[in-house]
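Me: Please walk me through this chain with care, taking its core, its pocket and its helices in turn.

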Amino acid sequence: MQNTVTAFQSGGARALKFTLHAFGLLILILLALNLYVPQLLGLTVHEYVGALFLIAVLLHVSYNVFIFKALFHNPAPYFRLRDTLTVCLLALYALMFLSGIFISHHVFDFIHVGGRGLWRDVHVSASIYALLLTGAHLGLHLYALLTLLGENLGKKVARVVLLLLHLLAVNGLYVFVTGGYLDRFLMQASFGFFDYDKSAYLIFCDLSSVFCLPLLLSYHLSRYLLYISCPRN
């Protein structure tokens, strides 16, 4: 009986710890998406949130530095995809943060460089593609996250979360096709970061759905690549 109680308490503590970590990850994603809608909270908050996000990214990179030492060492398709996404994402984040610092009017206003217009274009372009690749990067880890979710909160909860992500991805595909996002990603039209004619909350919802599209595509592609590398009997 005591063993059962101890196991229950241990499982409850693990579930609480996982829930807090998952909530923290969700908040981080929401803050990151908020960076794409600066008019939601204002440009000043946008810069401070961006600085906090920079710290979070640096901590994430330092914590996973072992991965960078093994880049492209494994020729399996899944690891080629993972490593390519990692390198491209690092380059985009470097461009996004550096250009953001160069055009800052609040947090890094003591840094003065020329060509603010050029750096703003670099900042917007890098941010656009970083949005897609961040979703794809997270998609590589979605199976592990869902597995942890199922172990701690139940498989039904994991299935519901996966279903909701698929629904968001479907909406993201609709928004991508009908909302002119393809032209924006190809830099043939202005990206709607400062589209004050459209509700900031609507832009935020659209971006959330568009973010889920590469996330689910990467999730299913990675599952397929792992399957062909290690097929089950």
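**Core, pocket and helices**

Me: Which residues have the most contacts inside the largest nonpolar core?

Reply: A nonpolar core is a set of buried Ala, Val, Leu, Ile, Met, Phe, Trp, Tyr and Cys residues joined through side-chain atoms within 4.5 Å, where buried means under 20% relative accessible area, exposed over 50% and partly exposed in between, with a 1.4 Å probe and protein chains only. The model is a predicted one, in which local features need pLDDT of at least 70 and side-chain atom pairs count only at pLDDT 80 or more, while totals for chains, interfaces and linings use all residues. Residues are numbered from 1 along each chain as its sequence is written, and side-chain values use heavy atoms, with hydrogens and water left out. The largest nonpolar core has 16 residues, and those with the most contacts inside it are Tyr 93, Met 96 and Phe 97.

Me: Which helix gives the most to this core?

Reply: Helices (H or I, at least four residues) and strands (E, at least two) are DSSP runs, numbered from the N terminus. At least two residues of the core come from each of α2 (43-63), α4 (77-102) and α5 (116-140). With seven residues, the helix that gives the most to this core is α4.

Me: How many helices and how many strands does the protein chain have?

Reply: Read from the N terminus on, the elements run α-α-α-α-α-α-α-α-α. Of the 233 residues of the protein chain, 37% count as buried. The secondary structure comes to nine helices and zero strands.

Me: What is the volume of the second largest pocket?

Reply: On a 1 Å grid over the protein atoms alone, a cavity is a set of points where a 1.4 Å probe fits but cannot get out, whereas a pocket is an open set with protein on both sides within 12 Å along at least five of seven lines, and lining residues have an atom within 4 Å of a point. Grid points are joined across faces, edges and corners, and a volume is the space filled by probe spheres set on the points. For the second largest pocket, the volume is about 210 Å³.

Me: Which element supplies the largest share of the lining of the second largest pocket?

Reply: The lining consists of Tyr 143, Leu 146, Thr 147, Gly 150, Glu 151, Lys 155, Ala 158, Arg 159, Leu 162 and Tyr 219. Two or more of these residues come from each of α6 (142-153) and α7 (155-178). The largest share, five residues, comes from α6.

Me: How do the residues of this lining divide into nonpolar, polar and charged?

Reply: Ala, Val, Leu, Ile, Met, Phe, Trp, Tyr, Cys and Pro count as nonpolar, Asp, Glu, Lys and Arg as charged, and the others, Gly among them, as polar. For the lining of the second largest pocket, the division is five nonpolar, two polar and three charged.

Me: Which residue follows α6, and what is its phi?

Reply: α6 has 12 residues and reaches 16 Å from its first C-alpha to its last, close to the 16 Å expected at 1.5 Å a residue, the expected span being 1.5 Å times one less than the number of residues. Its buried residues are Leu 142, Leu 146, Leu 149, Gly 150 and Asn 152. The helix is followed by Gly 154, whose phi is positive, near 105°.

Me: Is Phe 72 buried or partly exposed?

Reply: Phe 72 lies in the loop between α3 (65-69) and α4. Its phi is near 60°, a positive value in a residue other than glycine. Because its relative accessibility is 37%, Phe 72 counts as partly exposed.

Me: What separates the C-alpha atoms of Ile 228 and Pro 77?

Reply: Ile 228 has its place in helix α9 (residues 200-229), and at 42% relative accessibility it counts as partly exposed. Its C-alpha atom and that of Pro 77, 151 residues apart along the chain, are separated by 9.1 Å.
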